[in-house]
Amino acid sequence: MSETRQTTDDAQATTDSELAGGASPGTDQPLEVTSGETRERTREEWVEHEFEGEAKLSVSDLDVYYGDDHALKSVSMEIPENSVTALIGPSGCGKSTFLRCLNRMNDRIKAASIDGSVRLEGEEIYQDGVNLVELRKRVGMVFQSPNPFPKSIADNISYGPRKHGDLDTGLLANLLGRSDDDAVDELVERSLRQAALWDEVNDRLDDNALGLSGGQQQRLCIARALATDPEVLLMDEPASALDPIATSKIEDLVHDLAEEYTVVIVTHNMQQAARISDQTAVFLTGGELVEYGDTDQVFEDPQSQRVEDYISGKFG
Amino acid sequence: MASATDTALVSEDTTETEAVAAGAVGLAAVLFALSLASVFELVTITDPVAGVPMVALLGGLLVVLGFAVVTFGVGSRLGYVATDPRPTAGLLASGTFGLIWFVVGGLVASQTLGLGTAGWVVASLVTGGAAFAVSAAPREDIGSTLPAGALAVFAGVVFLTGVIGPSWVWDLGWEQQASFNAEFTIPVLTAFCSLLVGWAAAKAYGGFGARGRHIGAYVLVYLNAISIIALLFLLVAFTVLKGLPGLFKGLALGAGAGPEVTLVGVTFSLPVSWPFVMNGVALLNDVNGVLPAIVGTIWLVVGAVLFAVPLGIGAAVFITEYADRGRFTQVVEIATNGLWSTPSIVFGLFGLAFLVPRLGNRKSLLAGMLTLGFMLLPLVVITSRESMLAVPDEYRDASAALGVTKWQTVRSIVLPAALPGIVTGIILGVGRIAGETAPILLTMSGSVAPPGSQTVDVLGGFQLQSAPPFVTNPELMQATSALPYQLYSLITAGVGESSNISAIDEFRWATALILLVVVLGFYAVGIATRYYFRSKLQHD
């Protein structure tokens, strides 16, 4: 049977019987496939995930193109409230692109065009008249490499609310006696405590944030994102630039955050996904969502052969 | 098996040969310094130094160095000195030596031996070709020492025998009566030869090969850097020394010594009287001064900066943050670069033809400010754009992900992060416009050396009135002087001779010094500003 697969050069031609029985990777490697990856047809039921409660985000038929490059192919998934959803997959599979679609950060890339629907609590975010400021307040984001602003720790935290006009600490506000200094102090402390950073930095809130270590900077970025009081927190490989100790702190933090927030996290690290997430979505080469389901099920009993190969480290 | 000297990881103590080579390098450096000193006439070439005339000292040292280097090279070739040479000195070194000896051969044949064109061409080709062959064909230890050493010995002998002596003059025989004299030629040739020999000695010290080349290049670069710094230092020192006597003429300290001033309604006497910077030029002054020009220069720069910086930063924000990168931004970029390289006299003409007729139809401080502002504008745009592009996109992403609008991101993140770079650009631009003469000449110059009473008082000149334009400032519309223009007029146009300035030479140099101080003052302000903004961005 593996003989058949090796000579196949059309993914759609692979039959179900082969999918059920074949475990050996193909040696004939067609285009657009990571080395060692077998071919198979993805099936609708693999990406159906049953869960209790409301869907916070529901994505249907999302296609993303970067110029001629079709980066995401008709992705549909529902992300439950107050949980951790991990997106895993090899490099270039579109998982970061998917994440950036959830708060319309892809709008900032001129070459990107997006087609499909993303609904936040039932409201379509890809329609005219969407207030991006409000959307991004509700759907916060943490990036791969820590990127605090070259300002003080406290200013980093209060930056979002101040710029939204929720808090006013300007000179004029001070003169008029309307300054929100106390509210700012409270916000800084609350956000830093949520990000498990308060105990480490509470004596140097006015120091420049660039003086913190990498792990502290990343937790500061999480605190900064939490300061705008979002409902969803998107994290794009937040621990990939950090050492194991800092990584485990971030993982603990993500776990705690899931009680209040809906966390969607992209990671390269499969152990990390298995440890911290409630459900896992596996993207494979070509921008396809191949399997989505309960994390335990995806890791222990994947339905897709390619996902099993990927998880067991045969490619990617 | 390679010999131990080649492969030893840790070299032993300095060997005698290394010490000799190092001594040669040091001597070459000393010789270079001596020749520079004579170029700038700190020592004339006939002055005795350590008992011998300078020219003999230079020549003698060259001969000694040349022989030392050649001896070292030959010793290495014959195996007396352990080195690690390459098979050849390389094309660059050979070509350079060939060219140098080509020139030497030609000059000797045509000038000293008096041969005709055919003669010197043949001689040039022979010497140049021989030098190239000697340098390229044998092993590196011969190839890089022999031509250099021979040149030094040759030059030394020429100086010592008086072929080029202190009274030597090379008349080029042109209509313009151009000639070179020994005072300049001997030190320059010595400096050149000492660089070459120093390089060869440094290579020898490194045992040739890769290490030798590294050390040779290091010595060359190092000596060059030192000489350039020395040059800059001399330039400033020259102006300072010439300017100081005039600058402090009539300086008096002590309570009540200075003129009376009124500040915030209180009248008191300054505790210092410094006529040169407190007076203008007037018949009754004991010591004439340049106060109107100093104040004029300062207001010029302040006005130009106030005009150009907001406009320039605004334009840069637009083309960097808002406009799509494409043809339009490219055209803007090319245009701004072109404007920055446009000669200042063109800006001056524009000011004269466009601004002056529209601003009261007279040369005025305001016209000068705007003209210099136009000159400053492109540099502000260029440097602001560069430093905004250098702000990491991560900051913009992070800000956008927090739901902050583009303009607020630019204002609170991008501009603060770019400010040190922007300030650097402004510093550079101010350095240029503060010393500009041509635009001032065309747009704002009044009398060359105005009396102190004509000092512009921009702040005090504002007047309110009930009819439009409501606020006027006659001081801005007044023609005044500025330091570079005053200097230009006093020196080139010779205006000073007919005016009532006594000791005109002292006055000129002191003016130059004041201009230098004013420009450096602007630099200091700019650097302090940059330091302030940068320290806000950095953690310590």
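In strand β4 of chain A, Ala112(A) is the bridge partner of Tyr66(A), where strands are DSSP runs of E of at least two residues and helices are runs of H or I of at least four residues, both numbered from the N terminus. The model is predicted, so local features need pLDDT of at least 70 and side-chain atom pairs count only at pLDDT 80 or more, whereas totals for chains, interfaces and linings use all residues. Residues are numbered from 1 along each chain as its sequence is written, chains are lettered from A and ligands numbered from 1 in the order in which they are written, and side-chain values use heavy atoms, with hydrogens and water left out.

The pair Tyr66(A) and Ala112(A) belongs to the pairing of β1(A) with β4(A), which is antiparallel and extends over eight bridges; two strands are said to pair if DSSP finds at least two bridges between them. These strands are part of an open, antiparallel sheet of four strands, in the order β2-β1-β4-β5 (chain A). The edges are taken by β2 (69–80) and β5 (123–124) of chain A, each of which has a single partner strand, so one side of each is left without a neighbour in the sheet.

Strand β1 (residues 55–66) of chain A also pairs with β2(A), in the antiparallel sense and over eight bridges. Along this pairing, Leu62(A) stands opposite Val75(A) in β2(A), and Val64(A) stands opposite Leu72(A) in β2(A). The hairpin of β1(A) and β2(A) has two residues between the strands, and in this hairpin Gly67(A) takes a positive phi near 65 degrees.

Over all chains, a search of the whole structure finds 25 salt bridges.

A further open sheet of chain A has six strands in the order β6-β7-β8-β3-β9-β10, and its pairing is mixed. Its edge strands are β6 and β10 (288–294) of chain A, each pairing on one side only, and the twist averages 15 degrees from one strand to the next. Within this sheet, strand β3 (residues 84–88) of chain A runs parallel to strand β8 (residues 262–266) of chain A and is joined to β8(A) by four bridges, with Thr85(A) standing opposite Val264(A) in β8(A). Helix α10 (residues 244–257) of chain A lies across β3, β7 (232–236) and β8 of chain A, running at about 145 degrees to β8(A); axes here are lines fitted to C-alpha atoms, for helices over the stretch in contact, and angles run from 0 to 180 degrees between N-to-C directions.

The remaining topic is the interface, where 25 residues of chain A are in contact (heavy atoms within 4.5 Å) with 22 residues of chain B. Chain A and chain B bury about 2,000 Å² between them, 59% of it on carbon and sulfur atoms, buried area being the accessible area (1.4 Å probe) that two parts lose on being put together, summed over both. Pro150(A), Tyr159(A) and Lys163(A) supply 27% of the area that chain A buries against chain B, more than any other three residues. Across this interface the rule finds two salt bridges, and Lys110(A) forms a salt bridge with Asp324(B), the closest N and O atoms being 3.7 Å apart.

How values were computed: A salt bridge is a side-chain nitrogen of Lys or Arg within 4 Å of a carboxyl oxygen of Asp or Glu.
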